[in-house]
Amino acid sequence: MELTEIKLDKAEYCVFDFETTGVSARNERVIEIGIVKIRNKKIIDTFSSYINPGRQVPPFITRLTGITDDDVAQAPYFEDVYNDILDFFGDSVLVAHNLKFDYSFLKYECLKTGLEMPENPAVCTLQLAKRIYPELPSKALGSLTRHLKIRHRKVHTGLGDAMATAKILIKMFDLLIDEHHVETVSDLIRFQTLTNSKSYRIIKKSLADDYVKIPDTPGVYFFKNKKEDVVYIGKAKSLKKRLSNYFVNNAPRKTKKIVTKADKIEFLGTNSELTALLAEAELIKKHKPAYNKLLKKYTRNYFIRVTSRENYPVVEVTTKFDFDGNDYYGPYPNRDIARLIKEIIDKTYKLRECKEKEFSKKKKCYLFDIKRCTAPCVNEDRKEYDKELEMAREFLSGKNQSALDRLLQKMKALSEEKKFEEAAEIRDVINLIFKQLHKASILSEPVNKAKTLIEIAGENKNDYLLLLEGKLFIRNFISESDKYFDEILKDYFDGAVELFKEITEQDLERLKITLNWLIKNRSKIKIHDLSRINSYNELASNLIFPSKA
């Protein structure tokens, strides 16, 4: 298959950035390159090198980048590192922020040394940003990292800027696929060259009449054909703004196909972006529109399970949720996140990691020797193990400080003992925790025990979600009435609510979508722990977001 026809999120990308002696590619030279490789929407490898420009580094460049003459004096010349760069690029799509600048330096470095210019397809994140984020006054690298809440380390260094650009590109993927119908690399290359045209091309009067009625609020929209079959379902923070993208001259191919097939637009307004997301997921599964490839099936869920049956409980990753006496934390977005959290727990707390068969042999393993387990198989004192287990539970509930304090002390002790390799491993675990801080759990207890009301500030009215032991109820939702929601809430305070012993795939998907959105939008929510509230009236008096209507 041609690279340009590979699915957008399945292709391989190499994001590169040059630091140079000036801004003119014809007259100046490269002094550093940084490359970040992306595959399946994940950063998988990096490459960086200083490059000897054969001249002095100007003082203002040193002040900007920190790169000195001493740094590049013993570095390879461009022709010496060219093959390494080419090998790293491979058959990937080349990406840069302000591609015109970096590409011009790549071109002239090749010309000056008689080398062939790479023929890989190329994409500019600056041009993509102009299409995706038209509301931002600046699309500079620093502005985008601040807007997308990306940590930009080592600014004005090759690898630092390439890493920031790579993270921006990964953030763009879902928007490109979901909101702009960019499906392949070919679509992406075409999309970046389009202008933000305001020239409308509504080709059917019925669509034009329906579009006029669309409000500027969050919600879900439906394209229907003459037979009233749903052709496509989408969601938006602003229905009016989102739908306007369907009727411009330079709309992507898939967008044009949807408009061609449709004869009618309908919408369902929601209070917030979250309820629009939830409604979209459930309506797509109900109607199965021809042009919706995502969300038609329920995805696999991943939990961290803390067992209760074993003498000494273990922490494990599972895809099943059950009312079996065990505690479940999650659901997490994917297997990698769940495994990462499990890895942090294994390297931070002294809990057993063995299966029951191994544990029953009553023989300690190497984990005890490296102080990663209390060896309960031979040491039957429960106090130390229970203490470790309780701290692991706190970590799973989003309390990271005790884990960080413990690891920092351990790293310091290992460094003082000159055990630098072990100290470096602990440092890596600390970095993993810092990466997860913004993804910490919203709930302070396992999802199977949570009794929580979640309040969300909406555009006009607020959204209210009730989570009772894994079951999620949504006030004024497409499939639930206000009356039903209020009855469940009152029954809870009256002690009359029945325990839920069955969780459906729909319940689990609601949980996953909700928790992921809440984590990213903490400033818009208020969590009410119902176990600390005595009555329905007391809860009502604690609601903090006044409705605007």
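Contact here means heavy atoms within 4.5 Å. The model shown in these views is predicted.

**Figure 1. Overview of the predicted protein model.**
The protein has 549 residues, and buried residues make up 50% of them. Its secondary structure comes to 21 helices and 15 strands. Along the principal axes, the C-alpha trace spans about 80 × 75 × 45 Å. Among contacts with a separation of 6 or more, 66% are between residues 24 or more positions apart.

Is Glu509 buried or exposed? Glu509 has a relative accessible area of 10%, so this residue is buried, the cut-off being under 20%. Phe477 is 32 residues away from Glu509 along the chain, and the C-alpha atoms of the two are separated by 15 Å.

**Figure 2. Asp507, another residue of helix α20.**
Helix α20 runs over residues 505–520 and includes Asp507. Asp507 counts as buried because its relative accessibility is 4%. The side chain of Asp507 makes a polar contact of 3.0 Å with the side chain of Thr504. Not counting residues up to four places away in sequence, Asp507 touches Gly470, Lys471 and Glu502.

**Figure 3. The largest nonpolar core and a second, separate one.**
In soluble globular proteins, nonpolar side chains tend to be buried together. The largest nonpolar core in this model has 34 residues. Those with the most contacts inside this core are Tyr332, Ile341, Ile345, Tyr349, Leu351, Phe395 and Leu396. Which elements give two or more residues to this core? They are the strands β9 (302–306) and β11 (327–332), together with the helices α13 (335–348), α16 (382–396), α17 (401–416) and α18 (420–436). A second, separate core has 33 residues, including Ala281, Leu443, Leu465 and Leu508.

**Figure 4. Close-up of Phe395 in the largest nonpolar core.**
Phe395 is one of the residues with the most contacts inside this core. Apart from neighbours within four places in sequence, which residues is Phe395 in contact with? They are Ile341, Ile344, Ile345, Tyr349, Asn400, Ala403 and Ile433.

**Figure 5. The second largest pocket.**
About 460 Å³ of space lies in this pocket. The second largest pocket is lined by 22 residues, of which Asp17, Glu19, Phe101, His156 and Asp161 are the closest to its centre. At least two lining residues come from each of β1 (12–20), α1 (59–65), α4 (99–113), α6 (141–147) and α7 (158–178). Sorted by class, the lining of this pocket has nine nonpolar, nine polar and four charged residues.

**Figure 6. The second largest cavity.**
Rolling a probe the size of a water molecule over the atoms shows where empty space is left. How many cavities of 30 Å³ or more does a search of the whole structure find? The search finds two. The second largest cavity has a volume of about 30 Å³. Its lining consists of Asp178, Glu179, Tyr221, Tyr232, Gly234, Lys235, Arg242 and Glu280. Strand β7 (residues 230–236) gives the largest share of this lining, with three residues. By class, two of the lining residues are nonpolar, one is polar and five are charged.

**Figure 7. Backbone geometry at Pro331, Lys41 and Asn476.**
Most residues other than glycine have a negative phi, and most peptide bonds are trans. The peptide bond from Gly330 to Pro331 is cis, with omega near -5°. Pro331 is placed in strand β11. Lys41 is not a glycine, yet has a positive phi of about 65°. Lys41 belongs to the loop between β2 (30–39) and β3 (42–50). With a relative accessibility of 30%, Lys41 counts as partly exposed. Asn476, also not a glycine, has a positive phi of about 60°. The loop that holds Asn476 lies between β14 (471–474) and α19 (482–494).

Terms used. Residues numbered from 1 in each chain as written. Predicted model: local features only at pLDDT ≥ 70, side-chain atom pairs only at ≥ 80, totals over all residues. Heavy atoms only, no water. Core = buried A, V, L, I, M, F, W, Y, C linked by side-chain atoms within 4.5 Å. Buried < 20%, exposed > 50% of the residue type's maximum accessible area, 1.4 Å probe, protein only. Helix = DSSP H or I, 4+ residues; strand = E, 2+ residues; numbered from the N terminus. Polar contact = N/O pair within 3.5 Å; in protein donor to acceptor, adjacent residues only side chain to side chain. 1 Å grid on protein atoms, 1.4 Å probe; cavity = no way out; pocket = protein on both sides within 12 Å on 5 of 7 lines; lining within 4 Å. Points joined across faces, edges and corners; volume = space filled by probe spheres on them. Nonpolar A, V, L, I, M, F, W, Y, C, P; charged D, E, K, R; others polar.
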